[in-house]
Amino acid sequence: MSISSKRISEIEQEGRKIKLDMFRKFCQVREGHPGSILSIFDIVNALYLGGFIQVGRDSNINDVFIMSKGHAAAVQYPYLVREGVIDQRDWDKWGSGISVLRVFGNKDIPGIDVTSGSLGHGLGIAAGIALANRMDDIDVNVFVVISEGELYEGSTWEALLFLSHHNLDNIKIILDVNRNMILGRPEDHVGLESIDEKMMAFNLEATRINGHNYEEIFAGLNFLMTAQGRPRIMIADTIKGKGVSFMEDKPESHYWAGLDQEKMDIILRDLAL
Amino acid sequence: MNYQRDSFISELRVQAANNQDIVFLSADFGAPALDQFISDLPDQFFHLGISEQNMVDVAIGMAMRGKRVFSYAMAPFVLMRCAEQHKLAAMMNLPITTIVAGVGFSYANAGPTHYATEDLSIAMNLIGSTVYTMSDASLAGACASYLSVSPEFCFVRLDRMPGDDLFSENVIDITSGYRSFFSGKTLAIISHGYLLKKAHSIVMNNSQYQSQIKVFDLFRCKPVSEEFLREIAEFERVLILDEQITYSSLGIYLYPQILRGRDSSKVKSLSLADNYMFQNVGRDGLLSEAGLCDEVIEKEIESLISL
């Protein structure tokens, strides 16, 4: 997919507004996982606004999006509202009334394809969906966002073996590497690198990008979209809490808990810049 | 002597030949009937490797796309190792049948890693699950036929060893969730699986028992049918048998439903103690050491009848 630099820049700018609106909402909801949402935001923004993902309710036509790192599922909501899949009233009432929206995604939320929250399931489910689609000659993409934390789950590697063996190239894997677990950095505890080599050893084609550089994100997404025969993974180096001064690269940005009004003001100020 | 697994899979093969949405997943667990399934319907079979967790996740994905998924592996691994995956399937209310092979002390020669003497509790405690336990091959075949057209989120617990059919000449009504043998009215024996056959055999070999006892094969213990509860309500004395540890046994689940209005001293449950058994003495030897041999069961029967 060819997108001009001008359009990429517009998408980045549009994303800033969406992100600010989203965090205004989060300041109402006062729960969730801001650090993880901010690490994956730019990629999700590019996916939706760049037209990489076909959004809608008909799963025979539209793509599947599995936010396997389910604690970041809320990043999808603004885009699903824009597309009319999630009712605007649910978005408006979230945090102040009755709404279908939750911090973790679940199948009761329109446009959320898979219930998530426990880690390590997304790739296996994606493999099942892609396999069934192949049986039925349904040609849609299955996007899966996983976190590096999910690489600690054995089921992730079981699924990688399986989808690689079956050459499920309709599965587009996006790996968010923000190098922050709740209790520290992977390299200080149970190291994960070299992730690229591990993926290639599993017979995936891999590219590694800066997950906040839009030119690189678009190049990476184009890489995913042009898979032929072998599944591809885009490994994105990201920054947890990206864009909020006191959150960036901080493990404590994982949770909303502890964010008082002063901090919420800083969040909105920083994201408005 | 017939194998439950072969009966189940053979019937499923017949159904799957006419319905391409039926798919069979195995985590490297086989059966002669599965060889035939694979040979006849290779596009509807997927070997997942020895990765039970991924098998359940893949089953979730396929079921989301409308496939009627049957996944198959050895009992302790496909239930205990994958509890969270099953929970996810339960949350999404997906019609996946998990075939749980080799329950109880089926793998007596292998030791406790292969025993499934606590698996019932996992299947029972998954919200929205339906739980079947087969006591013979004809029942297993009937169950496969039923589930292939009426898919549900369920677990079908199979015995490893072959055996004779109890009632093969009769049509089995899967929807009722139970069947009964003999027509006594003094004592109801409720069981499923291997111990159901043991109870059946004990009664069959004693003409006096046959006029006193009715044996209930509760092959669907969740949910228990109202019809079954109504029939059990007619009995003052009840004996429940299960090849599970007490905390995972039929007795634990049935007590709240059948004790109401009943003299609790006339309801007994025999199950396994809360420990691992490493003795290499065969299945009946293990049951004997666990206090579930024929003699103990008969003693309990006598005790209840004499009350």
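Analyst: In this predicted model, 26 residues of chain A are in contact with 25 residues of chain B, contact meaning heavy atoms within 4.5 Å. Between them the two chains bury about 2,000 Å², and 64% of this lies on carbon and sulfur atoms. Buried area is the accessible area (1.4 Å probe) that two parts lose on being put together, summed over both. Of the area that chain A buries against chain B, 29% is supplied by H121(A), M135(A) and E158(A), more than by any other three residues.

There is 1 salt bridge between chain A and chain B. Here a salt bridge is a side-chain nitrogen of Lys or Arg within 4 Å of a carboxyl oxygen of Asp or Glu. The side chains of D136(A) and K67(B) form a salt bridge, at 2.7 Å from N to O.

Two helices of chain A, α5 (122-135) and α6 (154-165), each supply at least two residues of the side that touches chain B. Helices are DSSP runs of H or I, at least four residues, numbered from the N terminus. The largest share of that side, 9 residues, comes from α5(A). By class, the side of chain A that touches chain B has 11 nonpolar, 11 polar and 4 charged residues. Ala, Val, Leu, Ile, Met, Phe, Trp, Tyr, Cys and Pro count as nonpolar, Asp, Glu, Lys and Arg as charged, and the others, Gly among them, as polar.

Residues are numbered from 1 along each chain as its sequence is written, chains are lettered from A and ligands numbered from 1 in the order in which they are written. Local features need pLDDT of at least 70, side-chain atom pairs count only at pLDDT 80 or more, and totals for chains, interfaces and linings use all residues, while side-chain values use heavy atoms, with hydrogens and water left out.
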